[in-house]
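Here is a short briefing on selected features of a predicted model.

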Amino acid sequence: MSATFSLRRFSVFLRNSRQNKYIWSTCSCQKYSQSTHENSTVYDVVIVGGGIVGMATARELIMRHPSLTFAVVEKENRLAAHQSGHNSGVIHAGIYYTPGSLKAKLCVKGLDMLYKYCDENSVPYKKCGKLIVATHPEEIPRLDGLYQRGIENGVRDLRVIGPDKIKDIEPNCVGLKAVHSPHTGIIDYAVVTDSYGKFFTERGGKVFTNFPVSKLTGTPEGQTGDLDGNKYPLTVIGDSSKNQVLRCKYVVTCGGLQSDRIAEMSGCSREPRVVPFRGDYLLLKPEKNDMVNGNIYPVPNPALPFLGVHFTPRMDGSVWLGPTAVLAFKREGYNLLDFNISDTFDALRYSGTRKLAIKHLRFGLSEMWRAFFMSAQVKQLQRFIPTLSRADVIRGPAGVRAQALGHDGSLVDDFVFDTGDGEIGSRILHIRNSPSPAATSSLAIADMVADKIDTTFHL
């Protein structure tokens, strides 16, 4: 398949993880002259990615613009196949996030929107609350800071409690002091994603599963009828052997673990680069599930890159403990020894990965140790529930987090979106980094993205 290529100037403005500025960035585009594909279908907007953010965005767009045509393409055989279906299922209140950041604003707004949506659409959830527990004296100033941060973010009904109140809420938990968040909840985000999908398809939206996007290109000019390249200037190509081709006016990408690679297809810089980190959970044995009533979380250590282990009840009655945080040697690998040479080489050759590993070498090695040896993970969990024993737990599920990294090894902590320039790039919006609490914030993110699409693409 012949192609002509031209690279336009690009500028990418990456948010420094230590500053809370930001977020729309611009990138270049590549223009391809593509050979004709027959039997293609045309839409006004194609959304790439059937996770919770992609489906929330699709839902919001079709609700705002019922006269336009929309399609979602998903490479797996179902929605929510990766991050949206492999997470702890917590509805976050917005305590941890830096005041003024998108994470803080969208989480607080998104929590209310999500509860309202679930009530109106019969999606089950449990508002079981959360304790953030200080177990050592040096954690108390940081805990007090978290409380103040939550108040600044507008989190409702937060309170600081002492050891006796901790016991009232979680009889098996010990701590010197805690922040109690009564509106934190739990939910199955795969069920939420399916509900968004049902809403979307009932209003005429089309979902294409088993559609792995391999190219985002310009539509050849000079074709006739509805496939005229001037009318539908973008072509989304999946598996060419199956003639998977859609033509459209605009594209929104919500690629999760593949977001940097999808952005690169349209000529954007791959930075912020996605580096996958796997989180392995333990499970309480069923007869021990009553040890925990709600979410029990640690006070984060700002010197470490990830939050730490916590206790999370699930909608099915089980309780997850963890997770670890180790470099995944496969972007979509959920087993301890999963390995993909291309994904591994891609991560290790990136300077940001190496710099992060050097900076946090001791932490990384300890996380790997805990991933392989359950007793080491149990020891961390015993800080909160001393009566927990190795005999009380079994190996549980795992998730893989799409962690965006800068080239200097800094974690890109806030949401990041790209718009491009040129004939292709100016018609594509990339959701590049949507870490936790993106699931909680999904409806709020979709509302913001739809506003941006309306003003940029003039739908």
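**Charges over rings and aromatic pairs**
- Lysine 206 sits over the face of phenylalanine 208, 5.4 Å from the ring centre; the criterion is NZ of Lys or CZ of Arg within 6 Å of the ring centre and within 35 degrees of the ring normal.
- Arginine 203 lies over the face of phenylalanine 199, at 3.5 Å from the ring centre.
- Phe208 also belongs to an aromatic cluster with Tyr43 and Phe211.
- The model has 12 aromatic pairs, where rings of Phe, Tyr and Trp (its six-membered ring) pair if their centres lie within 6.5 Å; planes under 30 degrees apart count as stacked, over 60 as edge-to-face and the rest as tilted.

**Nonpolar surface patch**
- Leu337, Leu361, Leu365, Met368, Trp369, Phe372 and Phe373 make a nonpolar surface patch of about 770 Å².
- Patch residues have over 30% relative accessible area and no salt bridge, with nonpolar side chains (Val, Leu, Ile, Met, Phe, Trp, Tyr) joined within 5 Å and like charges within 9 Å; a salt bridge is a side-chain nitrogen of Lys or Arg within 4 Å of a carboxyl oxygen of Asp or Glu.
- Accessible areas come from the Shrake-Rupley method with a 1.4 Å probe, and for residues only the protein chains shown count as cover.
- Methionine 368 is in helix 9 (residues 361-372), a DSSP run of H or I with at least four residues, numbered from the N terminus.
- Methionine 368 is partly exposed, at 38% relative accessible area (buried is under 20%, exposed over 50%, partly exposed in between).

**Sheet**
- An open antiparallel sheet has 3 strands in the order 4-9-5; strands are DSSP runs of E, at least two residues, and pair if DSSP finds at least two bridges between them.
- Strand 4 (90-91) and strand 5 (125-126) are at the edges with a single partner strand each, so one side of each has no neighbour in the sheet.
- Strand 5 is joined to strand 9 (residues 185-187) by 2 bridges, and tyrosine 125 has isoleucine 187 as its bridge partner in strand 9.

**Basis**
- Residues are numbered from 1 along each chain as its sequence is written, and side-chain values use heavy atoms, leaving out hydrogens and water.
- Local features need pLDDT of at least 70 and side-chain atom pairs count only at pLDDT 80 or more, while totals for chains, interfaces and linings use all residues.

Definitions and conventions: Buried < 20%, exposed > 50% of the residue type's maximum accessible area, 1.4 Å probe, protein only.
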